[in-house]
Structure formats: structure tokens, C-alpha cells
Amino acid sequence: MRVAGWVALAAGLALGSFAHGADLSDPVWAQAPDRTDWAKAYPAHAAQAGISGDVKLHCTATAVGGLSGCAVISESPSAQGFGAAALSLTAGMQLQPTSADGRSISGRDIIVPVRFEPALLHPGPIVGNPDWLRQPSVNELVQYFPADARGATGKVLVQCVVTDRGAVEKCAVNKETPTGHGFGAAALAMTQLFQMRPMTLDGLPVGGGQVLIPIGFEGNNGVGGDNTPSMMSLRLLSNAPFTAVPTLAAMSSAFPRGAIGKAPSGHVVLRCGLRKDGTLSGCDPIADDPAGRGFDSAALALSKTFRVWILPEWGNISSLRVDIPFDFRDPGQQAPPLEIYDPIWLQSYNPQALAALFPQAAVKAGILDGRATVVCSVVHDGSLNDCSVTSETPAGLGFGSAALQIAAVMKMNPWTRQGAPVEGGRIRLPIHLVLPPAAAPAAGPANAPTPPKP
């Protein structure tokens, strides 16, 4: 099995190792502002006129990977506000605290190119020529070969959104050939193993763009064999519904001491079996990056904390395996705010109860549907609190209040697709309320658990 050559569909985003500076010539970026941040910083008059801009900044790297003392050394065209706009973006730029050669970056100078193009003002296009920091090895890929595709060959094109850290999320199968063998599901499961550089050679952002990942499955290429775990009759569960996961404090404490200040992050994927009580058994690391730093041992220690919500429809769980990603972050570095965009809802509202929640003021006004958006904090168990209404349409008829009641019963999977607890995260939740025809009053927003299936 192999990963096919990377597709480059859209022009304008040639990725690479972002900056070539005076002292720090090969920086390793950990995070960058996304396209939304770039668009907000874009000078308004230049955006309206469709004017592009190029800026070079001179900055000094701090011990934890931040940028300080930044100054504009070139700006083209001048007097358009691009220099100030570029400076405003530096707060969201984060380097790894050690360079590619393993030395501390503290006090070292760097030239940071920042580029503005009108395309940044529109939804993210396909990122061409992605520069991958991490992608599955052959040994990792074989772990995902579909059990029902023994000896078959398949091709899948997965389309994902890139985060400001270069990870991928919101993935979907774009093309799958042949269908019915599980190749698409296998490709989606392995997307947690990909990460690209969050900065680009020409100063454009990666976060917020989309990437196409072609993956080729070859059943007879000599990798593995009929006795490898991936070729047995195993059922693979990604994004398992959890009732218990490690806390943020536990994740921080588990970060290997020998990696503090040397590896700003680590990524591990464990493949585990299940016991009837929902605990994990027989966990083995199938991905460990960077290897040899102790992240695999940290993940194995934390695996004892997890509990899976066992569903009756799964039947015999002896052949079921669970893949759990872990995204470790150096506790000595300030973590960026966690924004949750693609939760897996384990508990939602009962649609049949919406009639009781539908605002009576709207009914009296003859309005049969409305919308409201709430922003909430996420608790460790996946429930929402501290919710507030940010918009409602039409206003003043009670749709915001109804949305808050709905949010109060919702509960998401407490472990993210990227491998971290949802604890402390924020989520923007749009809610559309429609009065059902001939709706009868209901008791209230009854809980409706809807966990994912393997």
C-alpha cells in the first residue's frame, strides 16, 4: 500500500519552509494565523481595489517560539497599510522553540515574509503542493487496509480543511474507486496522521485552506500479508464515543520530561481492543512522531483513563478495534485557544420537542422558522456552559432564548478528532428552529443520544 503523489489543483500557494532569515534560516513553524485572520488584517481600501501587497518583517525569536521586536524592512506597494497589517498578524505566529538542527531559537533573528492577495478575502481554495511535516509511513498505512478488501487495489481522494497548526479536519471522501470495499472509510481514519507546514514560502497562510489527499491502496505490494492485523477480520472504530477521557492537566503532566523544550508537540495514535465495561485493552502505538521521545509511553499510560460508550448494535466487540489519537503540547508553551468546529454530538435535542420550545411570539406573528447562534464554553465531559446569544433572526421574538435551552442539553464527544480533551474549548453553535406542521406540545428538549457507528 502506498500514498499516491500529492495533487496540486489550485495556483497561488507554493508551500515550503516559509522564511529564510538573517540568523534563523530554516524556522520550524508550529502555528500561523489562518485565512480569516489574514482577511481581517487586509487593509480595507486595498481589499476593495483588489491590490496585492508584499511585506518583509525583521523579528527576534523568543525562548518559547514567539516573535518580538518585529519591524517592517520592506513594503510593496508603500502607503497602502500592508506593513501595519503584517505586524498585526505576528501575535498569531508561533515557532517551535528549537530549530531544525536542534538548537534553541531564543534571541535569533528571522526574516518573515507576509503576502496579501485578494484571494485571501474568499473561502479557502485548494492548497497546491502541500509541504508535509508528517504523513503516514508504509508501516502505519498498512494498519488501515480495509479488512474486506483482501488483495484488492483502491484509490481514494480525501478533501480536508487545514487548521492554523497544519493539521487537517472536516475531511470527506471526494472520490473512491472501487466502492463497497471500505477504502473511503480507511482513508478518512488515517487523516489524523497528516500535518503540513502551517507557514508558506511566499508568505501566504495555510490555515483555512483546503487540501486534496490522494491515497492509493495496493493489496499485493508485499507490505504486510494475510496475517497482519490490518488484513484480519477486524472492525475499526474511529472517533469512538467516550464517557471518560484524560483531563488537560493529565495531558500536560504526561508530556515526557525529556521532551520539554526540545519537542513542542508530539502525535501518537494507539490502536486498542475493547472490554465489555468500555475500558481499553491491548493498546499498541501505530504512529509515534517524533519517535524515541517517550510520547508513545505517555499515550499508553493515559489509555487507562478512557472509557468507551459500548453500543448494543456493535454486537461482538472482540473483533472491534479503536484508534485513539493523542496531540501532546509542551506544557512550557502557551497553548492557543481551542476552537471546536467539528464536534461529534453524543447527545442532542429531540426534534419532536421543538414545538414546545418554538417562541409563541413568533407563532402569533405568523413566523414559522427562525435562527439563532450561541457561543458556549465546553466542559470536560463534553457538555456546554456559559452560553450567550450572538445573533438571532428575526430579532426580539425569542429564538435566542430557545437556542440557549437547546444548547443546555447538548453534549459532544469529550475527545477531539485531533487527539485532545475538549475541556476549555469554545464552540459557535448555529441553531435553526422550524415549527413542525400540526405540531403538538412536547414535554421539553428530551435528550437524544446519537453516537457514531463503527
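This note goes through the strands, sheets, cores and disulfides of a predicted model.

1. The hairpin of S2 and S3. Strand S2 covers residues 53-61 and strand S3 covers residues 67-76; the two run antiparallel and are joined by seven bridges. Ala61 has Leu67 in S3 as its bridge partner. Five residues lie between the strands of this hairpin, and Gly65 in the turn has a positive phi of about 100°.

2. Cys59 is joined to Cys70, with an S to S distance of 2.1 Å. The link is right-handed, with 120° about the S-S bond. Cys59 lies in strand S2 and Cys70 in strand S3, so the pair ties together parts that are 11 residues apart in sequence. Cys59 has a relative accessible area of 0% and is buried.

3. The disulfides in general. A disulfide is a covalent bond between the sulfur atoms of two cysteines. The structure holds four of them. When the bonded cysteines are counted along the chain, the pattern is 1-2, 3-4, 5-6, 7-8.

4. Cys160 and Cys171. The sulfur atoms of this disulfide are 2.1 Å apart. The torsion about its S-S bond is about 115°, so the disulfide is right-handed. Cys160 belongs to strand S7 (residues 153-162) and Cys171 to strand S8 (residues 168-177), 11 residues apart. Are the two cysteines buried or exposed? Cys160 is buried, at 0% relative accessible area, whereas Cys171 counts as partly exposed, at 24%.

5. The sheet with S16. Four strands form an open sheet of mixed pairing, in the order S11-S16-S13-S14. Strand S11 (235-237) and S14 are at the edges with a single partner strand each, so one side of each has no neighbour in the sheet. From one strand to the next, the twist averages 25°. S11 and S16 are parallel and share three bridges; Arg235 has Leu320 in S16 as its bridge partner. Helix H7 lies across S13, S14 and S16, at about 45° to S13. A disulfide between Cys272 and Cys283 has its sulfur atoms 2.1 Å apart, and both of these cysteines are buried.

6. In soluble globular proteins, nonpolar side chains tend to be buried together. The largest nonpolar core here has 29 residues, and Ile324, Phe326 and Phe328 touch the most other members. Strands S13 (265-274), S14 (280-289) and S16 (320-329) and helix H7 (295-302) each give two or more residues to this core. The largest share, five residues, comes from S16. Among the residues that Phe326 touches are Met251, Val268, Leu302, Phe306 and Trp415. A second, separate core has 27 residues, including Tyr144, Phe145, Phe183 and Ala186.

7. The sheet with S19. Another open sheet has four strands in the order S17-S22-S19-S20, and its pairing is mixed. Strand S17 (339-340) and strand S20 (384-393) stand at the edges with a single partner strand each, so one side of each is left without a neighbour in the sheet. Strand S19 (residues 369-378) pairs with S20 in the antiparallel sense over seven bridges, and Val378 stands opposite Leu384 in S20. Helix H10 (residues 399-407) lies across S19, S20 and strand S22 (426-434), at about 45° to S19.

8. Asn413. This residue is in the loop between strand S21 (411-412) and S22. With a relative accessible area of 4%, Asn413 is buried. A polar atom of the Asn413 side chain lies 2.6 Å from the backbone oxygen of Ala240. Asn413 also touches other residues, including Pro241, Phe242, Ile344 and Val422.

Note on methods
Residues are numbered from 1 along each chain as its sequence is written. This is a predicted model: local features need pLDDT of at least 70, side-chain atom pairs count only at pLDDT 80 or more; totals for chains, interfaces and linings use all residues. Side-chain values use heavy atoms; hydrogens and water are left out. Two strands pair if DSSP finds at least two bridges between them. A nonpolar core is a set of buried Ala, Val, Leu, Ile, Met, Phe, Trp, Tyr and Cys residues joined through side-chain atoms within 4.5 Å. Buried means under 20% relative accessible area, exposed over 50%, partly exposed in between (1.4 Å probe, protein chains only). Contact means heavy atoms within 4.5 Å. Axes are lines fitted to C-alpha atoms, for helices over the stretch in contact, and angles run from 0 to 180 degrees between N-to-C directions. A polar contact is a pair of N or O atoms within 3.5 Å; within protein, one must be able to donate a hydrogen and the other to accept it, and residues adjacent in sequence count only if both atoms are side-chain atoms. A disulfide is a pair of cysteine sulfur atoms within 2.5 Å. Lists of a residue's contacts leave out its neighbours within four places in sequence.
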